[in-house]
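Open the model in your viewer and keep the selection tool at hand. The tour below goes stop by stop.

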Amino acid sequence: DLLLARSQPITAFGALNGAPPDKVADLRAEAIARLAGYREKPAANYVPRYLLQMPPDQRYAIVVDTQRSRLYVYENDAANGGRPRFVADYYVTQGKLGADKLSEGDKKTPIGVYHVTANLPKQKLADLYGSGAYPINYPNEWDKRQGRGGSGIWLHGTPSDTFSRPPRASDGCVVLANQDLDAIAKNLQIGLTPVIISNSVEWLSLDDWSKERSELNRTLETWRTDWESRDTERFIKHYSRRFQANGQNFDQFASQKRQVNAGKEWIKVKVENLSVFRNPGREEVVVVTFDQDYRSNSLTNVMKKRQYWVREDGKWKIIYEGAA
């Protein structure tokens with residue numbers, strides 16, 4: 001999805017004399033959004049609800065608020081138990097028709113938990129993308145479950161002759177001024193840095209954040225120990241009846257687990273480098289990624305796994321899992 005390029009930079013308000021009304025309206029909208037961003041900084045004792053746990057090797061996380069046209073950078077503060085620490089925020093442009101992308105060409109920015117998948121340097125790009133571009137993994141597995149489609153959602157810069165950008169000026173990408181993109185680029189880790197895009201960021205006090213994090217960590221630990229127990233009926237209770245993955249529905253998955261576990265004398269499962277990110281969408285969903293070391297009397301397997309957990313009747317259940 002492409003940025004709506006604006007051909008003439010405006011370097012001073014004096015340049016507005018005789019400017020077309022739509023350009024004046026665009027500048028006004030941008031000025032209002034920028035001013036609101038400077039005035040409405042997140043409180044020091046509040047963090048985005050979505051950043052529940054970052055793995056030790058993940059240095060930073062990106063959170064985008066499309067309603068406010070702001071991008072927030074948070075550091076993984078290892079000295080404080082992995083608590084997200086606010087670093088900086090930037091003005092961004094989003095899709096011409098807003099957020100909550102559904103289909104190809106709808107000119108909307110997606111809402112969800114994504115990860116940076118590549119670094120495309122400016123030398124390999126048209127000037128339209130400015131100083132570089134960072135694709136994200138839209139649509140993810142949850143998007144696909146919801147029937148959302150489209151492609152080509154990137155974080156990227158602006159053309160070299162562009163200065164003024166209204167809050168809604170892309171075909172779905174998240175777009176920053178080149179100097180701002182350059183500032184965050186050094187903190188992006190390919191395949192690891194999350195980009196969480198929300199219509200309006202939910203903020204939690206550190207106490208409430210700690211409670212949500214602890215609850216989910218206990219749930220994940222119970223899932224792991226129930227797998228090790230070889231009590232298959234207890235284990236599959238962690239899975240939603242709506243579960244679908246790798247060509248299997250819930251009944252097929254449960255049947256396979258019963259058959260496999262029947263031949264196991266022992267199972268050991270180690271979970272490391274855990275990340276837990278809450279999805280900003282309407283339904284309560286968390287995205288969990290970890291390194292899984294599975295060992296049994298007949299099989300050894302190490303993989304990077306991603307799960308989507310959904311809250312059903314007050315309990316967290318796995319609705320999808322597969323290789324990350």
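**Stop 1: a strand pair.** Select Val286 and Trp309. Val286 stands opposite Trp309, a residue of β19. This is a predicted model, so read each stop as a description of a prediction. Now widen the selection to residues 285–296, strand β18, and residues 300–312, strand β19. The two strands run antiparallel, and 11 bridges join them.

**Stop 2: Val285.** Step back one place in the sequence. Val285 also belongs to strand β18. Is Val285 buried or exposed? Val285 counts as buried because its relative accessibility is 0%, and the cut-off for buried is under 20%. Show what surrounds Val285. Beyond its neighbours within four places in sequence, Val285 is in contact with Trp142, Phe277, Arg278, Asn279, Tyr308, Trp309, Val310 and Trp316. Then pick Ile319. Val285 and Ile319 are 34 residues apart in sequence, yet their C-alpha atoms are 9.4 Å apart in space.

**Stop 3: the five-stranded sheet.** Zoom out from β18. Which strands make up this open sheet, and in what order? Read across, the order is β2-β17-β18-β19-β20, and the pairing is antiparallel.

Stop 4: Select residues 206–229, helix α4. Helix α4 lies across β2, β17, β18, β19 and β20. Against β17 (267–278), α4 runs at about 155 degrees.

**Stop 5: the largest pocket.** The largest pocket holds about 410 Å³ of space. Which residues lie nearest its centre? Select Trp227, Gln256, Lys257, Lys305 and Glu321 to find them. They are part of a lining of 20 residues. Helix α6 gives the most, with five residues. Colour the lining by residue type, and it divides into nine nonpolar, seven polar and four charged residues.

**Stop 6: the four-stranded sheet.** Hide the surface and move to β8. An open sheet runs in the order β8-β9-β10-β12, with mixed pairing. β8 (120–121) and β12 (174–175) are at the edges, and each has a single partner strand, so one side of each is left without a neighbour in the sheet. Inside the sheet, select β9 (residues 132–135) and β10 (residues 154–156). Three bridges join these antiparallel strands. Ala133 has His156 in β10 as its bridge partner.

**Stop 7: a cis bond.** Follow the chain to Pro139, in the loop between β9 and α2 (141–145). Look at the peptide bond from Tyr138 to Pro139. That bond is cis, with omega near 0 degrees.

**Stop 8: two loop residues.** Select Lys107 in the loop between β6 (94–95) and β7 (112–115). Lys107 is not a glycine, but its phi is positive, at about 60 degrees. With 32% relative accessibility, Lys107 counts as partly exposed. Finish at Asn246, in the loop between β15 (244–245) and β16 (248–249). Asn246 is not a glycine either, and its phi is positive, at about 55 degrees. Asn246 is exposed, with a relative accessible area of 67%.

Technical notes
Residues are numbered from 1 along each chain as its sequence is written. This is a predicted model: local features need pLDDT of at least 70, side-chain atom pairs count only at pLDDT 80 or more; totals for chains, interfaces and linings use all residues. Side-chain values use heavy atoms; hydrogens and water are left out. Two strands pair if DSSP finds at least two bridges between them. Contact means heavy atoms within 4.5 Å. Axes are lines fitted to C-alpha atoms, for helices over the stretch in contact, and angles run from 0 to 180 degrees between N-to-C directions. On a 1 Å grid over the protein atoms alone, a cavity is a set of points where a 1.4 Å probe fits but cannot get out, and a pocket is an open set with protein on both sides within 12 Å along at least five of seven lines; lining residues have an atom within 4 Å of a point. Grid points are joined across faces, edges and corners, and a volume is the space filled by probe spheres set on the points. Ala, Val, Leu, Ile, Met, Phe, Trp, Tyr, Cys and Pro count as nonpolar, Asp, Glu, Lys and Arg as charged, and the others, Gly among them, as polar. Buried means under 20% relative accessible area, exposed over 50%, partly exposed in between (1.4 Å probe, protein chains only).
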